[in-house]
Amino acid sequence: MKTVGGNASSTHGCGIEERILARIDQGRPGPTFLAQGAIHGNEPAGVEALRRVVARIERDGLEVHGRIVACIGNLQALDQGRRFLERDLNRQWLPGSLARLDGRDPTLDTAEDTEQRALLKLYGELEASRSGPLVFLDLHTSSADGPPFTCMADTIPNRRIADTIPVPMILGLEECIDGAVMEWFNQRGQIGIAVEGGRHDAPETIDNLEAAVWLALDHAGVIAHGAVDLAPYHDRLLRAGQGTPHLIEIRHRQAITPQDRFVMVPGYVSFQPVTKAELLAHDVAGEVRAGEDGYVLLPLYQGQGEDGFFLGRRVPRFWFALSAWLRRLRLGDHVHWLPGVRRDPDDPNTLLANPRVTRFLLVQVFHLFGFRRERPRPNGLQAFSRRLAAPEAWTVRPRR
Ligand SMILES: [Zn+2]
């Protein structure tokens, strides 16, 4: 473990400290910036990127405002170079799974149970001791080639931090993947985004992730503006993302299980345009074809995983400005007046929509107003919940 400056804590037990690459707290007020690599153990590039950032902070004696915590997500899987040992550690951050974990005898823990307990303890400790906003950055890589991108729940503070990282932005991934840790932070009202750096073992992937961390640190105000020359980092990411749409909304997730014997057609890369009915994969039932025109994302070319691929669609840039304006006016408070929409009697933050009445642009309208799409209800109604967003004031620094 490496620490820099004052106020560094020492022993915490429960597997927390082994996973901490650095805790940097020089006693100045500011945000808590938590950056994590390798929640998937076969993605070591994020850990390497964090090591580089920490080394430079030390070497250059950089001033840190607030604190930086760099950590490893799935320590045991990282040791073995596998995505996970028993279960995907980035899929079980749901109230039900967490309650079950909490109620279980720790001596019966699987590898990922132990990991999750340690992470929960670390996150809880940071949340409880923070004096400013908590910014969470989750670093990933993928099995296929493709440019780096960010993904996040669509809240204004998340957007602002993602906007400083000049790569494509993916919305709606968290609505198709249940239980990602980034979404756990978002649901608690914290700022949290994920960065995909590129192919697992491509050398430039580490460079991409490192660049993203520096830009996010600067945006959060943790590193004083001007202390680090950001231009090379900015330019690197801009080049890496060139030719790809700026903003993509996920429309389809190809959920798979080992029984499906899913095999992706070779040669796909993230952000490759596809046309309706194009053959993308084979599984036990036969051919898997694209349901509509769009872009393929995260095609699976490794053994482990529950997502065969995703399909996304380009979202026009003005949509961002429009939805920021609508949210500022709090027009989302009135969405239940739309035909076919009513409040969930059991949950004031959830609206239920009858897809037969509101078919036209249903999901898009709710997204504009900042709602999150939930799983459809058994009666066929589509549920949308209001996001618990970090206060806008938490966007630590206006964009330059
Ligand atoms: Zn990952």
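The model is predicted, so local features need pLDDT of at least 70 and side-chain atom pairs count only at pLDDT 80 or more, while totals for chains, interfaces and linings use all residues. Residues are numbered from 1 along each chain as its sequence is written, and side-chain values use heavy atoms, with hydrogens and water left out.

**Zinc site**
- The zinc ion is coordinated by His40 (ND1), Glu43 (OE), Glu43 (OE) and His140 (ND1), at 2.1 to 2.4 Å.
- Donors here are N, O and S atoms within 2.8 Å of the metal (3.2 Å for Na, K and Ca); water is not among the atoms, so sites may look incomplete.
- Along the chain, the zinc donors follow the spacing H-x2-E-x96-H.
- The arrangement is irregular because the four donor atoms subtend angles of 55 to 146 degrees around the zinc ion.

**Helices**
- Helices (H or I, at least four residues) and strands (E, at least two) are DSSP runs, numbered from the N terminus.
- Helix α4 (residues 111-129) has 19 residues and spans 28 Å from its first C-alpha to its last, close to the expected 27 Å, which is 1.5 Å times one less than the number of residues.
- Buried residues of α4 include Ala111, Leu119, Leu122, Tyr123 and Leu126.
- Leu209 lies in helix α8 (residues 203-219) and counts as buried because its relative accessibility is 0%.
- Among the residues that Leu209 touches are Ala45, Leu139, His140 and Val195, not counting residues up to four places away in sequence; contact means heavy atoms within 4.5 Å.

**Sheets**
- Two strands pair if DSSP finds at least two bridges between them.
- Four strands form an open antiparallel sheet in the order β16-β17-β19-β18, with β16 (341-344) and β18 (371-373) as the edge strands.
- β16 and β17 (residues 347-353) pair over four bridges, and Arg343 stands opposite Leu351 in β17.
- Three strands form another open antiparallel sheet, in the order β10-β12-β13, where β10 (263-264) and β13 (286-289) are the edges.
- β10 pairs with β12 (residues 279-283) over two bridges, and Val263 stands opposite His282 in β12.

How values were computed
Tetrahedral: all angles 85-135°; square planar, octahedral: opposite > 155°, others 65-115°. Buried < 20%, exposed > 50% of the residue type's maximum accessible area, 1.4 Å probe, protein only.
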